[in-house]
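Please read the chain below with care, keeping the sequence and the picture side by side.

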Amino acid sequence: MSSASGAPPADLQRVVFWLTIFWLALYIVRYHRRRASRITALPSLSSSTWPSSTELFRSSATRITLEKCHLRYQSTAWNALHQSSTARLAKRRGWRRALQLVYDVGSMLGILGMFASVLLLLWTTVQLSSALYTRFTHHEHVHQPGGILKRDFSEEDGDAYEARAAPVLQLIIPGLTTPLHHLPLLLVALITTQVIHECGHAVAAALDAIPLTSAGLGITVILPSAFVSFPSEETESLAPRPRARLICAGAFHNLMFWLVLGAAAWLQTSNIVWPLLGYHDVSQYGRVIVDVDEASPLYGHLPVSAVIIKVGDEILAAPGGAADRWNALMATDSSKSVPRLGWCADEPWFAAQDTTCCAIRRSAVTSLSCFASLGELQSEHCVDPLHFLQPTQAESVLRCSSAAECGHNQLCIRPRGDQELMSLTMHIPPWLRTNEQDSERTVVWQGERAEVAEEVDLGDWLPGHSWLPIGLPFVWGTLFSYLKMLTLSLYFFNLLPLPFLDGGQLYDALYDAYAVRHQRGDEAVPLRHMEEGEEDAHSAWREGARVQNVNVERRALCRKVVHVGVGALTGSCIILGLANSYL
């Protein structure tokens, strides 16, 4: 079967369609609510008294609003729990002091993380710029007649180019850098890590007896979010140490959650849980087919629950595991993946085949591939690859490395180096077999290998029975990897010194602490000026006010420089990441 490149992104269209329906329904509800409120309102000389609220729902403890494709759920139902936790911590002073020390460590890690996030952002921007520059200056392709592109570098140069180090930070773009059908798992992982982040702020607030005013969730177009809010007067009046503790607690929770997930992965807890649930580990010799995209030509040909054990002549069993071997084979260029062995074919039969597909680089007849004979007198002809890669039981195909290993009047042939041809050999579980001999099947793919990796979901765990859900280990493993990735990303991203992030507040707290320490001990009006008279005292007061204004202006200037610089770096990193992904 051949690839179907250029097919419409049906999954993306469905996502956009249902998102449109979702937001349209919400705005219709809001319109009818506002219209009903206006009808029931008392007459007034001014229309400004008419309700123009963005509310969708309101009760004594809950408020749901909708504005500019942002749905916000805000509740005070958690305030009582937070207040009772604060009271318990106040009674248990030993526990409170111990927790404060723990979150003080989190403050130090937050300060280090703020500097590390800026350095990481700068390093990633340099790497992405270098990658984009190399991509445009490296003559990887040259135009051929008819608009055909051909690789134009030597073997050594090509290996060096393909082995270029990937950027430290990668943009997560569903449908481009990650499969689009992983979007629900990404959203679940994102909201989970944000809830854990906000719980950190709530715990730190309870340690310093700061009341919780509200908590809630939000959705902006499609991105979920979580938040907690506290009285601004009490948070701004905190001393530098508890203030930093409150600001860094969210990122600290993300870091701790990442360490917990890393410990679970290091302890290989999946090797304990899944066997108890009836699954078998095949990661050492194969890859379990979990799902196949319905729009893919492979759909219906790769049975779900089958185990891929061989790609062409390469078996997946490897010391590093079948997953690494599979990824390496799928990333291999077609010109470097020619089968080591060929097949013996009768010379008269091979010479009678057409040569049209060999004359042009990409044949219109996708069922034929160009095969070349091995030896001094090479010849090329168009052959149906299924004749060799998927022979029937009545046919006997002999593998060979040269014509000397074949019979009389036979040639040793194999696909030409530029043919995008690949066979997948699968082990079939008992409940999918049609007969006793149906233990292995072979599927031939004609197209780019990257398409197989994009359109087929593979796992490591094979269910022991047909009634066990094949996708459960895969879904959990994918969610687990996204949780690890997003919680660490949220740790660094939130600590960037930008005004809308924790890092911006942390920078302000550090600057204020430095300014207070620098000015500590200075008198607003020195005693010698007070003793010299009222006029000198007023002059001193004016001088002190002037110095204070200078300090405020200096703080605002430094804050603006940092915000603009980091914001420019962040924007550059996003633009360069998109350019590297799309170009």
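Where pLDDT is low, the predicted coordinates should not be read in detail. For the chain, the mean pLDDT is 81, and 80% of the residues reach 70 or more. Residues 45-51, however, have a pLDDT below 50, with five contacts in the model beyond near neighbours in sequence.

This is a predicted model, in which local features need pLDDT of at least 70 and side-chain atom pairs count only at pLDDT 80 or more, while totals for chains, interfaces and linings use all residues. Residues are numbered from 1 along each chain as its sequence is written, and side-chain values use heavy atoms, leaving out hydrogens and water.

Five strands form an open sheet in the order S1-S2-S3-S6-S7, with antiparallel pairing; strands (E, at least two residues) and helices (H or I, at least four) are DSSP runs numbered from the N terminus, and two strands pair if DSSP finds at least two bridges between them. At the edges lie S1 (55-58) and S7, each of which pairs on one side only.

Strand S6 (residues 214-220) pairs with S7 (residues 223-229) in the antiparallel sense over seven bridges. Together they form a hairpin with two residues between them, and in this turn Val221 has a positive phi of about 65°. Thr220 stands opposite Leu223 in S7, and Ile219 has Pro224 of S7 as its bridge partner.

Methods. pLDDT is the predictor's confidence in each residue, from 0 to 100. Contact means heavy atoms within 4.5 Å.
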